[in-house]
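Student: I am new to this one and would like to go through it slowly. Could you take my questions as they come?

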Amino acid sequence: MNFSGKYQVQTQENYEAFMKAVGMPDDIIQKGKDIKGVSEIVQNGKHFKFTITAGSKVIQNEFTLGEECEMEFMTGEKIKAVVQLEGDNKLVTTFKGIKSVTEFNGDTVTSTMTKGDIVFKRISKRI
């Protein structure tokens, strides 16, 4: 399955609770909670490039499946992680006590990030 495309956030659940749990300042949480960010994914075999634009903030991360990489987290912090492909439609990684799962189903992307008992869920559609 090729994941390449542009996707825009449609809905999100537990944004504020999750952002507080990962240490995001309250003013940034308030600014970001209603932004319908856009993610652009370019896949070339096992190599991925994600560009996430939320308002004026742009985060770019690149990784190759199964290899350790350095990525920028939404807090701006640099983290090391290994992204794995589960089945043929899920990208999964764990870092700093957070499990991230991005599942592709047709034109819909469901992303969840779990820290402790807080599950942040975001659903995006291909644009």
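This is a predicted model: local features need pLDDT of at least 70, side-chain atom pairs count only at pLDDT 80 or more; totals for chains, interfaces and linings use all residues.

Student: Okay, how much space lies in the largest pocket?

Tutor: The largest pocket holds about 1,000 Å³ of space. A pocket here is an open set of points on a 1 Å grid over the protein atoms alone, where a 1.4 Å probe fits, with protein on both sides within 12 Å along at least five of seven lines, and lining residues have an atom within 4 Å of a point. Grid points are joined across faces, edges and corners, and the volume is the space filled by probe spheres set on the points.

Student: And which residues lie nearest its centre?

Tutor: Of the 42 residues that line the largest pocket, I52, I59, M74, M113 and R122 lie nearest its centre.

Student: What is that lining like by class?

Tutor: The lining of the largest pocket has 26 nonpolar residues, 12 polar ones and 4 charged ones. In this scheme Ala, Val, Leu, Ile, Met, Phe, Trp, Tyr, Cys and Pro count as nonpolar, Asp, Glu, Lys and Arg as charged, and the others, Gly among them, as polar.

Student: Switching to strands, in what sense do β1 and β2 pair?

Tutor: Strand β1 (residues 5–13) pairs with strand β2 (residues 38–44) in the antiparallel sense, over 4 bridges, and within that pairing Q8 stands opposite V38 in β2. Two strands pair if DSSP finds at least two bridges between them, and helices (H or I, at least four residues) and strands (E, at least two) are DSSP runs numbered from the N terminus.

Student: How many bridges join β1 and β11?

Tutor: There are 6 bridges between β1 and β11 (residues 118–126), in the antiparallel sense, and V9 stands opposite S124 in β11. Strand β11 also pairs with β10 (residues 108–115) in the antiparallel sense, over 8 bridges, where T112 has K121 as its bridge partner. The hairpin of β10 and β11 has 2 residues between the strands, and in that hairpin G116 takes a positive phi near 60°.

Student: Is K96 buried or exposed?

Tutor: K96 is exposed, because its relative accessible area is 51%; buried means under 20%, exposed over 50%, and partly exposed in between, with a 1.4 Å probe and protein chains only.

Student: How many salt bridges does the structure hold?

Tutor: The structure holds 4 salt bridges, each being a side-chain nitrogen of Lys or Arg within 4 Å of a carboxyl oxygen of Asp or Glu. One of them joins the side chains of K96 and E77, at 2.9 Å from N to O. K96 lies in the loop between β8 (90–95) and β9, and E77 in the loop between β5 and β6 (78–82), so the pair ties together parts that are 19 residues apart in sequence.

Student: Where are the two residues of the bridge between E16 and K33?

Tutor: In that salt bridge the closest N and O atoms of E16 and K33 are 3.8 Å apart. E16 is in helix α1 (residues 15–21) and K33 in the loop between α2 (26–32) and β2, so that pair links distant parts of the chain, 17 residues apart. E16 is partly exposed at 33% relative accessibility, and K33 is partly exposed too, at 28%.

Student: Last topic: what is S100 in contact with?

Tutor: Leaving aside its neighbours within four places in sequence, S100 is in contact with L91, V92, T93, F95, T112 and M113, where contact means heavy atoms within 4.5 Å. S100 lies in strand β9 (residues 98–105) and is buried, with a relative accessible area of 14%.

Key
Residues are numbered from 1 along each chain as its sequence is written. Side-chain values use heavy atoms; hydrogens and water are left out.
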